[in-house]
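Visitor: Could you take me through this structure? I would like to begin with the overall picture and then turn to particular residues.

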Amino acid sequence: MKKDTNIISAGRKTEFTHGVVNPSVTRASTVVFNTVAEMNHALKNRYNNTMLYGRRGTTTAFAFQEAMTELEGSAGCALYPSGTAAITSAILSFVEAGDHILVVDSVYEPTRDFCDKILAKMGVETTYYDPMIGADIGKLIKANTQLIFLESPGSITMEVQDVPAIAKVAHQHNCLVMLDNTWSAGLHFQPFEHGVDVSVQAATKYIVGHSDVMLGTATATEKYWPQLRDNSYLLGQCTSPDDLYLALRGLRTLSVRLRQHQQNALTIAKWLMQRPEVETVLHPALSSCAGHEFFQRDFSGSNGLFSFVLNKGTEKAVTALLDGMQHFKMGYSWGGFESLILANHNVQSLRSVTQWPYQHALIRLHIGLEDVDDLIADLAQGFERLNHYC
Ligand SMILES: Cc1ncc(COP(=O)(O)O)c(C=O)c1O
């Protein structure tokens, strides 16, 4: 089955949908049984789409979990109330005191903070590594290295990692490979075909796609799924059926939305490359982005999220650029239908083992589904305001 067909049909079983197109929103804490036999049956089949207790999920969750499992090609999908909860719970599911983990230097800031502020307290040591390290990751693996965490592309600086090269070395040392796969939304990068063992996503972004739900997912291979599932349950992770309903609804249009995000973003990225105010454009589909060759080899498409670096401008000038935007709003997220803009004046503060080579501000854009001409006009006026101060 082709991906576009799969995304429409995945998880749409009659037992979840009762003969209509979408599953009903089944809210429950208590699931009731009339006989001991019925209750024992539910207990025995609790991992097999049978309701037992609300925290374990209802049919709305089962439909979404099946869809995500199929989309990423995994053995199962655990659900969390945010992408960050997915990352932290998935890591916690596989480490113990005395372990060492390797985390990419371009990682999402809260993932780094979790490692530095919580894992460290528990006796789990973190070493950060260059996103471009590839097979040289082997030089950083120690006897107690349990897990290697990747995020590809990095969500601010956009480096694309050589996932198969890292996974190959990791597996030679019995290390688990965990990937933050949010950027690809599970559609444009197939984690398990590239050696990943556990794939986490902030479904908050493109899966939900409408900027109105917080949600996380973690999928795993056959080998790691039972441990991920059981530990997530022990950590008390559960999600609202209303949110899952919206996520499943968002998922159905993921492919068509991403196509438009991709087309708009590439048009704007190429326009930015011609602008005199721009030092470089960091878009995985362009050769100016670190790891572009891995993007070309491993990904089937891109989306609306990328960054560019200015070649001039004080903080005041950049603020003038941002403040007057008509269509681009400032927001700490991405993946919805709307365009967003953010400036970062100190990328170096987000990393600890690699040197950020640029001097001026980085601007991260999320290109939405608006008409691309309106977005370009908005950015052009922004550059005029920037130039006014330079
Ligand atoms: C790459 C990446 N991973 C994880 C997250 C965390 O997701 P959430 O905000 O749902 O906790 C984000 C959020 O911005 C992100 O960009």
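Visitor: How many helices and strands does the chain have?
Guide: In this predicted model, the chain contains 13 helices and twelve strands.

Visitor: And what does the C-alpha trace span along its principal axes?
Guide: The span is about 75 × 50 × 35 Å.

Visitor: What share of the residues is buried?
Guide: Buried residues account for 46% of the 390 residues. As for contacts with a separation of 6 or more, 75% are between residues 24 or more positions apart.

Visitor: Which domains does the assignment give?
Guide: The domain assignment gives domain 1, covering 3–252, and domain 2, covering 254–388. Their centres, taken over C-alpha atoms, are separated by 27 Å.

Visitor: How many residues of each are in contact with the other domain?
Guide: On the side of domain 1 there are 37 residues, in contact with 37 residues of domain 2. At least two residues of the domain 1 side come from each of α1 (3–9), β3 (125–129) and α9 (241–252). Helix α1 gives the most to that side, with three residues. By class, the side of domain 1 that touches domain 2 has 17 nonpolar, twelve polar and eight charged residues.

Visitor: Which residues does valine 177 touch?
Guide: Leaving aside residues up to four places away in sequence, valine 177 touches Ile148, Leu150, Ile166, Ala167, Ala170, Gly195, Val196 and Asp197.

Visitor: And where does isoleucine 367 lie?
Guide: Isoleucine 367 lies in the loop between β12 (362–366) and α13 (372–388).

Visitor: Why does a loop residue such as isoleucine 367 count as buried?
Guide: Isoleucine 367 counts as buried because it has 27 C-beta neighbours inside 10 Å, and the cut-off for a buried residue is 20 or more. Beyond residues up to four places away in sequence, isoleucine 367 touches His261, Asn264, Ala265, Ile268, Gly304, Ser339 and Leu375. Isoleucine 268 is 99 residues away from isoleucine 367 along the chain, with 8.3 Å between their C-alpha atoms.

Visitor: What about valine 200: buried or exposed?
Guide: Valine 200 is buried, with 32 other C-beta atoms within 10 Å. This residue is placed in strand β6. The contacts of valine 200, not counting residues up to four places away in sequence, are Ala86, Ile87, Ala90, Met178, Asp180, Asn181, Gly216, Thr217 and Ala218. The C-alpha atoms of valine 200 and threonine 217 are separated by 5.6 Å.

Visitor: Which residues are buried in α5?
Guide: In α5, the buried residues are Gly83, Ala85, Ala86, Ile87, Thr88, Ser89, Ala90 and Ile91. Eight of the ten residues of this helix (residues 83–92) are buried, so α5 is largely enclosed by the rest of the structure.

Visitor: Now the ligand. How many residues surround it, and which are closest?
Guide: The ligand is surrounded by 13 residues, the closest being Ser82, Gly83, Thr84, Ala202 and Thr204. The shell consists of three nonpolar, eight polar and two charged residues.

Visitor: Finally, the backbone. Where is the cis peptide bond?
Guide: The cis bond joins serine 152 and proline 153, with omega about -10°. Proline 153 is placed in the loop between β4 (145–151) and α7 (163–172).

Definitions and conventions: Residues are numbered from 1 along each chain as its sequence is written. This is a predicted model: local features need pLDDT of at least 70, side-chain atom pairs count only at pLDDT 80 or more; totals for chains, interfaces and linings use all residues. A residue is near a molecule or strand if its C-beta atom, placed from the backbone, lies within 6 Å of it. Ala, Val, Leu, Ile, Met, Phe, Trp, Tyr, Cys and Pro count as nonpolar, Asp, Glu, Lys and Arg as charged, and the others, Gly among them, as polar. Two residues are in contact if their C-beta atoms, placed from the backbone, lie within 7 Å. Helices (H or I, at least four residues) and strands (E, at least two) are DSSP runs, numbered from the N terminus. A residue is buried if 20 or more other C-beta atoms lie within 10 Å of its own, exposed if 12 or fewer, and partly exposed in between; C-beta atoms are placed from the backbone. Domain bounds come from an automatic or database domain assignment.
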